[in-house]
Structure formats: structure tokens, C-alpha cells
Amino acid sequence: MQTKKSETRPEVLREIIPPVDIAEVEAGVRLSVEMPGAKSQTISVTVEDDTLTVSAEREEFLDRHRLLHQESGRGAYRRSFRLSRDLAREKIQAEYRLGVLTLTLPKADHTLPRRIEVRTE
Amino acid sequence: MDLIPMRGFELGRFPLQRQINRLFEEFFGESGWPTLYESGRGSFPIDLAESDEEYLLTAEIPGIDPKAVEISVTGNTLTLKAEKRPEGEKQVKNVHRTERIYGAFQRMVSLPGDVDPAAVQASSKDGVLSIRLGKREEAKPRTIEVKVQS
């Protein structure tokens with residue numbers, strides 16, 4: 001049986017689980033994921049059912065060099081999060097800067113306070 | 001591609017854990033490239049590579065303005081100093097999770113050979129700092145011709 005290969009998943013076995021900060025801000029929820037050296041064309045943010053997945057491949061910095069010592073992880077970045085229904089998944093904003101992927105997930109309309117007008121006679 | 005042994009010892013998240021890991025690693029001779037000194041709450045992973053002409057050191061510093069990183073070279077010792085601060089802290093109303101490590105940190109590493117301080121170049125891209133350190137003449141590999149007398 002042939003399994004469907006996801007396009008965002010690169011041909012490597014190892015995955016790096018990037019560290020993340022999650023904070024509530026005025027606009028909703030903000031996630032900042034550390035993915036230094038990610039190839040910008042490969043950065044992907046997907047929402048499937050209730051799962052938000054971020055992934056990226058890493059840039060290769062060595063050209064004709066021989067590696068002497070390595071502390072950085074090998075493989076591609078990948079991490080998934082469970083999304084609350086109170087967040088507007090169609091309005092997610094993403095920005096990649098200085099090796100940090102920042103996602104802003106606004107609150108869904110149904111969570112915003114509604115003002116109900118009182119009619120007086 | 002070369003096979004690179006995975007050294008799980010390096011992956012310590014906390015300074016004490018890392019120091020102990022490093023102690024083990026140096027004892028077992030796995031490191032081969034000791035860090036002379038390290039301070040601060042956080043650390044950043046470093047890779048070191050070499051060509052005939054230079055050493056290439058890459059450090060992962062996500063979220064740090066590369067212009068604020070202090071790099072100094074003396075002999076074969078390279079010192080990196082940086083500080084990582086949380087972004088957009090003022091807007092935060094409630095913190096749910098903090099896995100990223102912030103604070104000032106410093107790292108001093110010894111290179112396998114002497115470098116020419118005049119031939120050090122640093123550049124940065126997407127949170128990765130690349131430092132190219134030109135080798136001194138003495139440190140470059142030389143080909144010695146063998147004269148064969150017949």
C-alpha cells in the first residue's frame with residue numbers, strides 16, 4: 001500500500017522539536033517558535049482539524065568545510081499544537097524574523113464580548 | 001555525508017546539567033573540543049568546521065539582534081557574548097508556556113589552531129551567526145614534497 005507523503009515533510013528521519021513560548025496578548029494568542037537557520041521557502045504553517053503544525057527545513061551552512069564539532073540538531077523542525085476552538089484559525093498571521101517564527105492567533109468572534117443594546121420605550 | 005556521532009550529552013537544557021554533561025563528555029574523550037568557559041542562564045549551540053584556509057563557526061542565536069553580539073578573538077580563543085530578551089513583552093497579558101531561554105550569556109571556545117585576528121568575518125542570517133576565522137600561515141596544511149633519489 002502506498003502512503004501519501006506530506007509535502008512539508010523532508011526526506012530526513014530526525015526531527016528537531018523547537019522550543020516555543022505561548023502567551024496571551026490583546027489580539028489573541030501568540031506563539032514564538034525558535035527555528036534558527038530555516039530555509040524560508042520551506043517554512044510551513046498548516047491547520048488540519050484541531051492541529052496546528054509548523055515545520056521547516058534547515059539551511060546548510062557548510063560548503064567545502066569539514067565538520068569538527070557539532071552541537072546543533074540534525075534534521076528538520078517540526079512541532080504540532082492543539083488548537084482551541086476559541087481561536088480564529090482562518091486568521092492566523094505568521095512572521096519569520098531572526099530565526100523566530102511568530103504566529104498570532106486571534107480570538108474567534110464568538111469569544112469577543114458583545115454589547116446588547118437595551119431598547120427603552 | 002560524514003557520519004557524525006550523536007552526542008546526547010550536549011543536549012542539557014540547564015547550566016548545571018550542561019556542565020555535568022560536558023564533564024562526562026570530556027572525561028570520555030568524546031568532545032575533543034572543550035569549552036573553556038561558559039556563563040549565564042542560557043547557551044547557544046555551536047558548530048565548528050574547517051577548510052584549509054579557515055575555520056567556520058556557526059552559532060544559533062534565534063531572537064538576538066546579531067549587531068548586539070560581542071565577538072572577540074585572542075590567539076586561538078574566541079569569545080561570544082550576547083543577551084536574549086523576550087520580544088513584545090509589554091503586550092503579554094498572560095503567559096501559558098515558556099520553553100525559550102532568555103538572559104545574558106557568554107561562551108569562550110578554543111579553536112584547534114591559531115587564527116589571524118585581522119581575517120575574522122562575521123555575518124548573520126535567520127538567527128544563525130557565521131564567523132569565518134582565517135587560519136594563520138603556520139596553521140594551514142602544507143604539502144611537503146618528497147625528493148626521491150634514484
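**Exercise 1. Work out the order of the strands in the open sheet that ends with β6(B), and state how its strands pair.**

Step 1. The open sheet has 5 strands, which follow one another in the order β8(A)-β9(A)-β3(A)-β2(A)-β6(B), and the pairing is antiparallel. Strands here are DSSP runs (E, at least two residues), numbered from the N terminus, and two strands pair if DSSP finds at least two bridges between them.

Step 2. The edges are β8 (93-97) of chain A and β6 of chain B, each of which pairs on one side only. Neighbouring strands of this sheet are turned by 20° against each other on average, direction ignored, where the axes are lines fitted to C-alpha atoms and angles run from 0 to 180 degrees between N-to-C directions.

Step 3. Inside the sheet, β2 (residues 20-25) and β3 (residues 28-34) of chain A are joined in the antiparallel sense by 6 bridges; A:Asp21, for instance, has A:Ser32 in β3(A) as its bridge partner.

The model is a predicted one, in which local features need pLDDT of at least 70 and side-chain atom pairs count only at pLDDT 80 or more, while totals for chains, interfaces and linings use all residues. Residues are numbered from 1 along each chain as its sequence is written, chains are lettered from A and ligands numbered from 1 in the order in which they are written, and side-chain values use heavy atoms, with hydrogens and water left out.

**Exercise 2. Find the order of the open sheet that begins with β6(A), and describe how β2(B) pairs within it.**

Step 1. This open sheet also holds 5 strands, in the order β6(A)-β2(B)-β3(B)-β9(B)-β8(B), with antiparallel pairing. Its edge strands are β6 of chain A and β8 (115-125) of chain B.

Step 2. Strand β6 (residues 66-70) of chain A pairs with β2(B) in the antiparallel sense over 4 bridges, and A:Leu67 stands opposite B:Ala49.

Step 3. Strand β2(B) is also joined to β3(B) by 5 bridges, the two running antiparallel, with B:Ile46 opposite B:Ala59.

**Exercise 3. Describe the contact between chain B and chain A: how many residues does each chain give, and what area is buried?**

Step 1. With contact taken as heavy atoms within 4.5 Å, chain B gives 51 residues and chain A gives 38 residues.

Step 2. The two chains bury about 3800 Å² between them, 49% of it on carbon and sulfur atoms; buried area is the accessible area (1.4 Å probe) that two parts lose on being put together, summed over both.

Step 3. Between the chains there are 9 salt bridges, each being a side-chain nitrogen of Lys or Arg within 4 Å of a carboxyl oxygen of Asp or Glu. One of them links B:Glu60 and A:Arg58 (3.1 Å, N to O).

Step 4. On the side of chain B that touches chain A, the largest share, 7 residues, comes from β6(B).

**Exercise 4. Explain which parts of chain A the salt bridge of A:Glu57 and A:Lys39 ties together.**

Step 1. The side chains of A:Glu57 and A:Lys39 meet in a salt bridge (3.6 Å, N to O).

Step 2. A:Glu57 lies in the loop between β5 (51-56) and β6 of chain A, and A:Lys39 in the loop between β3 and β4 (44-48) of chain A, so the pair ties together parts that are 18 residues apart in sequence.
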